[in-house]
Amino acid sequence: NAQFRVAAEHLRSLGKFEEASTMFARSADHEENVMGALQCLLELCKIYVLNGIIMDTTSLTELRRLLDKTTEVTKFESQSLKGSRQWNMMKEEIRLYSAYVNRDLDAIQQCIRFFNECKGHAAECRAILLWLKIRTNADNQAEYWREKLKYLLRLSKLAHPFMESTRNGDNTEEKEACKDFENVFCVREMEDHQNKRQIPLQNSLINNMGENNVIDITGDWNVYNERIVRQTIIQLFSSYMYEFIWEAGEKCKSIPDITSYICYWWPCEDRTCQRHHMEPTRENLHRRLSLACLHYTVIQQLDVLELTRKRRLKEEQKQDAYHLQKFWTENLVKYHVRYQLPKASFPELMYDHINRFSDVRGRISEHARKQWLGDDLQAQYFANLLKCMFVSLQLQDEKIINKFCDEISKSWYPVKNGSTEESANTKGLPIGFEYNKKGDKVVPIAVRLSKFINHLKSGKMITAIIYAKRFIAYALRFTDEVNLLADQALGDLVSLMEFTTSLAFFTHPERYDFYLPRSYLYDYYTEFSENFFSGNLRLSSQDDERNIESHRNLIWDFFWQARHLICILVDHKPIDLDQQIALIIVRRLIRVLVLICLNEPSYEAQLVEFLKRCEDKPHLFQNYLNKTDMESLAKTLDDELKETDFDCLVRIELEGFSEILLDIAKMPVYKTDKSFHQQDRIFNDRIECL
Ligand SMILES: [Zn+2]
C-alpha cells in the first residue's frame with residue numbers, strides 16, 4: 001500500500017497526473033489515496049479547460065474521457081469523505097466540468113454560487129470563465145447581460161490584486177488572491193523557491209512563455225521565473241478581458257434598457273418605436289438604473305485593471321478603449337442621469353443610485369471637467385453649459401460647477417479700439433457673447449449663469465434670480481443658435497426655469513408661504529445645494545428693497561418665459577427636437593404656469609385665457625383644458641403629480657423651511673393644504689426607505 005502511494009506521489013511530482021491517479025487508485029481502501037487519485041484527474045481537467053478558455057485548443061472528447069474516469073474514483077466515496085470540505089469542492093468541480101461539456105449555463109451558475117459561498121476563489125474564477133465561454137442566442141436580452149456583466153465585474157474583482165502594478169508585498173490577503181489567480185492558470189509555486197513557478201507541459205500557457213525563458217525542467221514541468229509568468233498571464237488576461245468588455249460595449253448598444261429613453265407611452269402603440277418600454281414604477285426604474293450602472297462599471301474596468309496602461313494592450317486597442325469609455329459616459333448621462341422621466345419623477349432614486357457607485361460618480365465628474373469644460377467648452381453651446389450645471393447639482397459634485405465658473409470667467413476678450421460705441425447691445429458680436437457693463441470687454445452670455453451662481457452663494461438672491469432670468473431670455477431668443485434643441489438641453493433649460501421660478505417665490509416681500517411640487521425639493525433644494533449655495537437658498541432677499549409691485553413684475557417675467565417656450569414648441573415645432581422630449585417639456589412648463597398662478601393669483605386670468613387658446617391641442621394640455629378657476633387647476637396639477645406615487649403639491653412655510661432641509665425625513669413643519677387632499681402617507685414612505 002505504502003509503496004503504491006510513494007510511487008503515486010513521485011509520479012505526481014513529475015507532473016504525470018494520469019499515471020499517478022491510476023497508481024493511487026490501486027489502493028483505494030485508503031481515503032488519502034482516493035483523494036489523491038481524484039486530485040490528479042482534476043489537475044488534468046483544469047489544464048484541459050484552461051487550454052479551452054485561453055487558447056481554444058481543447059478537445060471535449062478528452063475532457064469527457066477524464067470525467068468518466070473520475071466517476072470510477074468517486075465510487076470509493078466513504079462516509080467521512082462525504083463530510084470533507086476538500087472532497088465536496090472536488091465533486092463540485094466535476095459537476096462544473098460536466099456542465100461545461102453539456103453547455104448547461106444554469107448548472108454552471110449553480111457551481112459559481114457554490115464556490116462563491118465556500119470562498120473557493122480559484123474555482124469560482126474558473127467557473128465564471130467557463131460560463132462566459134458558452135455562447136448563447138440570448139445575448140440580445142437585458143437579463144442575460146445583467147448576469148454576464150455581474151460575472152465580468154466579479155472576474156475583474158478577483159483578478160484585480162494580481163493585475164495591480166503596485167503590489168504591496170506584505171498583505172497576506174492579497175498574496176492569497178494572487179496565488180488563487182495563478183492557480184486558475186494551473187501555475188504553481190516551486191517548493192522552497194518563492195520566485196520560481198512550475199507549469200505542466202500540457203498547459204498551453206507555455207506556448208506564450210518563450211522557450212528561452214525556461215530555466216529548468218523537472219519531469220513534465222517547465223520552470224520559469226515568477227516575473228515572466230506574471231507578465232505572460234497579465235498579457236493574456238488583459239486581451240481576454242478586453243475582448244469581453246469590447247463586446248459588452250458593442251452588443252449592449254442594442255439593449256434599450258441601457259441605450260434609449262423610456263417611452264412616454266405605456267403601453268405604446270407604435271410598433272416601430274425603439275424606446276425602452278416599461279411601466280414606470282419605482283422597482284422597474286431601479287432595475288433599469290442598476291443595469292446601466294453595472295454596465296458602465298464593467299466598461300470602466302478597462303482602467304481599473306490598468307488595461308489601458310502601457311504595453312498591456314496594443315496601441316489601437318488603447319485608442320478604442322478610450323473612445324469606448326467616453327461613449328458610455330455620455331450615454332449614461334444622456335439616458336439615465338439627465339433624463340426627465342415622462343410620468344415618473346424619482347430624483348432621489350437617482351441620487352442614491354449614482355452616488356452609491358462612487359466610481360461612477362467620480363468618472364462622470366472627471367469626464368465633465370476634462371471634456372465638457374475642456375474640449376467641448378464653447379460660449380455659444382448652452383446645451384453643454386446647462387448640462388454641467390445640472391449634472392453637478394445632481395451628482396452633488398461641486399468640482400464641476402466650480403470649474404464651470406472658473407472657465408467662464410476666463411473666456412472674455414478686450415474690445416478693439418473704436419468699437420465701444422456699440423457697447424449697449426450685442427450687435428456685431430458672435431452668438432453667445434455680449435459687451436460688459438463698462439463696454440471694454442466682450443464676455444460670454446454664460447457669465448450671467450455664473451453670476452447667478454455666485455450671487456446665490458453670497459446671499460443676493462434677487463440679483464441672482466435676475467441674472468438667471470436674463471440668461472433664460474437670451475436662450476429663448478436664440479434657441480437654435482445656442483444649440484438648445486440637442487438632446488436634453490431644453491429639459492435643462494426648463495430645470496433652470498423651475499429652479500429660479502421657485503426661488504422667486506421666496507422673495508415675496510410679505511408672504512411667507514407658497515406651494516411647490518415635492519420633487520422640486522429633491523431636485524433643487526437638497527442638502528448639497530444648500531451647502532453649495534452657502535445656505536442661502538431659503539433666505540429672502542437682503543440685497544434690494546422689495547415691494548409687491550416689483551415682485552409681481554419679476555414673477556410675471558417667469559410666467560411670460562414659460563408661456564413663450566410653450567409657444568415655441570407648439571407653434572413652431574422645431575423639427576430637430578424629439579417629439580416625446582418636446583411633449584415632456586410642454587407638460588413641465590404647464591406645471592410651472594399653474595404653480596406661478598397658485599402662488600401669485602393675480603395672473604389667473606392670463607393663464608385661463610392662454611389655456612383657452614390651446615383647446616385644439618388636447619394631447620398636450622390634457623386635463624388642464626376647460627378649467628376656469630385656480631382651485632380646479634391646482635387640483636389638476638396635484639392629481640397629475642400624484643400619478644407618480646412620489647410627487648405631490650406641498651405648501652412650504654418659510655420659517656420652518658430650514659428644518660426641512662436639514663432633516664428632510666421628519667417633515668414636521670411641512671404643512672400641506674387639506675384642500676388638495678394631501679396625504680401624509682407619502683412622507684411616511686420616505687421615512688421607511690431611509
Ligand atoms: Zn414607444
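Guide: K119 sits in the loop between α7 (105-117) and α8. The model we are reading is a predicted one.

Visitor: Is K119 buried or exposed?

Guide: K119 counts as exposed because its relative accessible area is 62%, and the cut-off for that class is over 50%.

Visitor: Where is N483 placed, and what is its phi?

Guide: N483 belongs to the loop between α21 (461-477) and α22 (489-506). Its phi is positive, near 65°, and N483 is a residue other than glycine. With a relative accessible area of 29%, N483 is partly exposed.

Visitor: How do I read the peptide bond from W266 to P267?

Guide: As a general idea, most peptide bonds are trans. The bond from W266 to P267 is cis, and its omega is near -5°. P267 is found in the loop between α12 (256-259) and α13.

Visitor: Which residues coordinate the zinc ion?

Guide: The zinc ion is held by the SG atoms of C263, C268 and C273 and by NE2 of H277, at 2.1 to 2.3 Å. Along the sequence these donor residues follow the spacing C-x4-C-x4-C-x3-H.

Visitor: Why is the arrangement around the zinc ion called tetrahedral?

Guide: The ideal angle for four tetrahedral donors is 109.5 degrees. Here the four donor atoms subtend angles of 98 to 121° at the zinc ion, and the arrangement is therefore tetrahedral. The test requires that all angles lie between 85 and 135 degrees.

Visitor: How should I read the length of a helix, taking α13 as the case?

Guide: One compares the distance between the end C-alpha atoms with the span expected at 1.5 Å a residue. Helix α13 covers residues 282-299, which is 18 residues, and reaches 26 Å, close to the expected 26 Å.

Visitor: Which residues of α13 are buried?

Guide: An α-helix has 3.6 residues a turn, so residues three or four places apart point the same way. In α13 the buried residues include L285, R288, L289, A292 and H295, as well as the run from Y296 through T297 and V298 to I299.

Visitor: What is the volume of the largest pocket, and which residues are closest to its centre?

Guide: The largest pocket has a volume of about 930 Å³. It is lined by 32 residues, and those closest to its centre are E43, K46, A122, D180 and N183.

Visitor: Which element supplies the largest share of that lining?

Guide: That element is α3, with six residues. Elements that each supply at least two residues include α3 (31-55), α6 (85-101) and β1 (188-190).

Visitor: Which residue does the side chain of N33 contact?

Guide: N33 is in helix α3, and its side chain makes a polar contact with the side chain of R5, at 2.9 Å. N33 is buried, with a relative accessible area of 1%.

Visitor: How far apart are E189 and V223 in sequence and in space?

Guide: The two distances are read side by side. E189 and V223 are 34 residues apart in sequence and 9.6 Å apart in space, C-alpha to C-alpha. E189 lies in strand β1 and is partly exposed, at 33% relative accessible area. I206 and N222 can be read in this way too: they are 16 residues apart in sequence and 8.2 Å apart in space, C-alpha to C-alpha. I206 is in the loop between β2 (193-200) and β3 (216-218), and at 17% relative accessibility I206 counts as buried.

Terms used. Residues are numbered from 1 along each chain as its sequence is written. This is a predicted model: local features need pLDDT of at least 70, side-chain atom pairs count only at pLDDT 80 or more; totals for chains, interfaces and linings use all residues. Side-chain values use heavy atoms; hydrogens and water are left out. Donors are N, O and S atoms within 2.8 Å of the metal (3.2 Å for Na, K and Ca); water is not among the atoms, so sites may look incomplete. Four donors count as tetrahedral if all angles lie between 85 and 135 degrees; four count as square planar and six as octahedral if opposite donors are over 155 degrees apart and all others between 65 and 115; anything else is irregular. On a 1 Å grid over the protein atoms alone, a cavity is a set of points where a 1.4 Å probe fits but cannot get out, and a pocket is an open set with protein on both sides within 12 Å along at least five of seven lines; lining residues have an atom within 4 Å of a point. Grid points are joined across faces, edges and corners, and a volume is the space filled by probe spheres set on the points. Helices (H or I, at least four residues) and strands (E, at least two) are DSSP runs, numbered from the N terminus. The expected span of a helix is 1.5 Å times one less than its number of residues. Buried means under 20% relative accessible area, exposed over 50%, partly exposed in between (1.4 Å probe, protein chains only). A polar contact is a pair of N or O atoms within 3.5 Å; within protein, one must be able to donate a hydrogen and the other to accept it, and residues adjacent in sequence count only if both atoms are side-chain atoms.
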